[in-house]
Amino acid sequence: MLLVTDHLLHFLGLERTVFRLYAGSALLLSLLFFFFCLLLRFLRLCQRFYLTCRRLRCFPQPPRRNWLLGHLGMYLPNEAGLRDETKLLDNMHHVILVWLGPVLPLLFLVHPDYIKPLLGASAAIAPKDDFFYGFLKPWLGDGLLLSKGEKWSRHRRLLTPAFHFDILKPYMKIFNQCTNIMHAKWRRLGKGSVISLDMFEHVSLMTLDSLQKCVFSYNSDCQEKMSDYISAIIELSALVVRRQYRLHHYLDFIYYCTADGRHFRQACDTVHRFTTEVIQERRQALRHQGAEAWLKAKHGKTLDFIDVLLLAKDEDGKELSDKDIRAEADTFMFEGHDTTSSGLSWVLFNLAKYPEYQDKCREEIQEVMKDRELEELEWDDLTLLPFTTMCIKESLRQYPPVTLVSRRCTEDVKLPDGRVIPKGVICLVSIYGTHHNPIVWPDSKVYNPYRFDPENPQQRSPLAYVPFSAGPRSHSFGDSWDGPVILTWPRMASPHSRMRGPGSFARAGCPFLQELHRTELRHG
């Protein structure tokens, strides 16, 4: 080692001294030890990867593109990709192994019996996978969607009052108002000639309008003119999905140097600035007036989501911080608008495609609205539409709002047939695949609302139909926060779709059905 140090000093042109010899030798030994540790760690990773690959051989996989890319790019979230996934289900009915590149295996679960061990496991055994969900963090922060552990439990307890019927019922008036604005716009655009409208675009603006009024009590008039805030939310939703399919964008330092990354930061700043201003202005008014006077001033008015969060206190009397409230508000704006609008679009698509079902829904709604002066649905009417509910559920089965949710196993997970999912493997619960699995849903490609006829219940697993996921974290609200978006219905897929479920549909879009008793929907 001293000889090597001597040569190094000579190469650097430094005078040979005893101190430099021993100091250089110590430095070289430290570097040698460091590289040895790195090599040892790399070899351990290789061994672990080899053992994982051996254990995964029992799972079937479709042909790869090649050894380097694996199945990358073969099952994208568009019509062609989902059609290819449906073809796989003809031969693979339980678990499918795919590879993103040469070193990242993913297990697709497409059968309720195989989904159950994963979704039924605790958050410690099958937590949400940060590999995919991290892209949402700069935008949504630590809201219910992304938070974990005690913070998630505390926020859930504090948010529960926001979903009380007494809070939700007054929102029906807002939904009716926003839907009437959209109908008036359609009638204006439709005058004079037969035209074609992008259903998803208009319905999406209607849901954003509804959410802004319910979350912030803010009227942006976004259905008539686009605001910076609404534009930013739409852009962020698209950028997050696009980033998931560009591997070089997975690294933050590369992504934020690209045009997409810069647009993402700018849009985040726009959204955060708007939300923060509303929260701070409302909190100042609350502190100035006091909680009791604040609630009296709100008497007869709709209590919005921000109000509920500002008034919420935990068992120790602690409030949510402005940052926490912003995270929850941003989460609801993201999770609520695109999901509901896509669900509405797909329901209307199917009703236009099958006029016999459309006629039956219209008759049902006409019966509910008979002899009314004001043609608007009310909260209690939602339970009087059984066939319409059946049509909604079947549409959500065919076109679920979120096609996949992911989990990373922290322990080995045993499947019903004895096979084991190795520790560390990312599992993708394919909601789309489960809903189109022919051994779970016979004639799965056929739109048949009578599958959900309450008078003729069919024996199937509760996990056979999970349009908004399931699991131990989904018991408090109508919508589950157990599985965030990984893949969503693409905007290029007619009629551009995503949704959460019949609960969300009833709360955020059911007034739209009032138009069915006057308007005929046509497919084409």
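I count a residue as buried when its relative accessible area is under 20%. The model I am reading is a predicted one. By that cut-off, 52% of the 524 residues in the protein chain are buried.

**Entry 1: overall make-up**

I looked up the secondary structure and found 20 helices and seven strands in the protein chain. I then took the contacts between residues at least 6 apart in sequence; 72% of these join residues at least 24 apart.

**Entry 2: cavities**

I went through the second largest cavity, which holds about 60 Å³ of space. Which residues line the second largest cavity? I listed Tyr 75, Glu 85, Leu 88, Ile 96, Val 98, Phe 108 and Val 110. Helix H3 (79–88) gives at least two residues to this lining, and strand E1 (95–100) also gives at least two. I sorted the lining by class and got six nonpolar residues, one charged residue and no polar ones. Glu counts as charged, and Glu 85 is on the lining list.

**Entry 3: H16 against H17**

I checked the axes of H16 and helix H17 (residues 355–369), which come within 5 Å and cross at roughly 110°. Angles of 65 to 115 degrees count as roughly perpendicular, so H16 is roughly perpendicular to H17. On the H16 side I found Leu 351, Ala 352 and Lys 353, meeting Pro 355, Tyr 357, Gln 358 and Cys 361 of H17. By class, the residues of this contact are five nonpolar, one polar and one charged.

**Entry 4: H16 against H18**

I next took helix H16 (residues 322–353) with helix H18 (residues 386–398); their axes come within 9 Å and cross at roughly 105°. H16 and H18 are therefore roughly perpendicular to each other as well. Who makes the contact, I wrote down as follows: Trp 346, Val 347, Asn 350 and Leu 351 from H16, and Cys 391, Ile 392, Ser 395 and Gln 398 from H18. I classed the residues of this contact as five nonpolar and three polar, with no charged ones. Leu 351 of H16 is in the contact with H18 and also meets H17.

**Entry 5: Ala 238**

I looked up one residue on its own. Ala 238 sits in helix H11 (residues 228–243). Is Ala 238 buried, exposed or partly exposed? I noted a relative accessible area of 30%. Buried needs under 20% and exposed over 50%, so Ala 238 is partly exposed. I also took the separation of the C-alpha atoms of Ala 238 and Phe 264, which is 9.8 Å, with the two residues 26 apart along the chain.

Methods. Residues are numbered from 1 along each chain as its sequence is written. This is a predicted model: local features need pLDDT of at least 70, side-chain atom pairs count only at pLDDT 80 or more; totals for chains, interfaces and linings use all residues. Side-chain values use heavy atoms; hydrogens and water are left out. On a 1 Å grid over the protein atoms alone, a cavity is a set of points where a 1.4 Å probe fits but cannot get out, and a pocket is an open set with protein on both sides within 12 Å along at least five of seven lines; lining residues have an atom within 4 Å of a point. Grid points are joined across faces, edges and corners, and a volume is the space filled by probe spheres set on the points. Helices (H or I, at least four residues) and strands (E, at least two) are DSSP runs, numbered from the N terminus. Axes are lines fitted to C-alpha atoms, for helices over the stretch in contact, and angles run from 0 to 180 degrees between N-to-C directions. Angles under 35 degrees count as roughly parallel, over 145 as roughly antiparallel, 65 to 115 as roughly perpendicular and the rest as oblique. Contact means heavy atoms within 4.5 Å. Buried means under 20% relative accessible area, exposed over 50%, partly exposed in between (1.4 Å probe, protein chains only).
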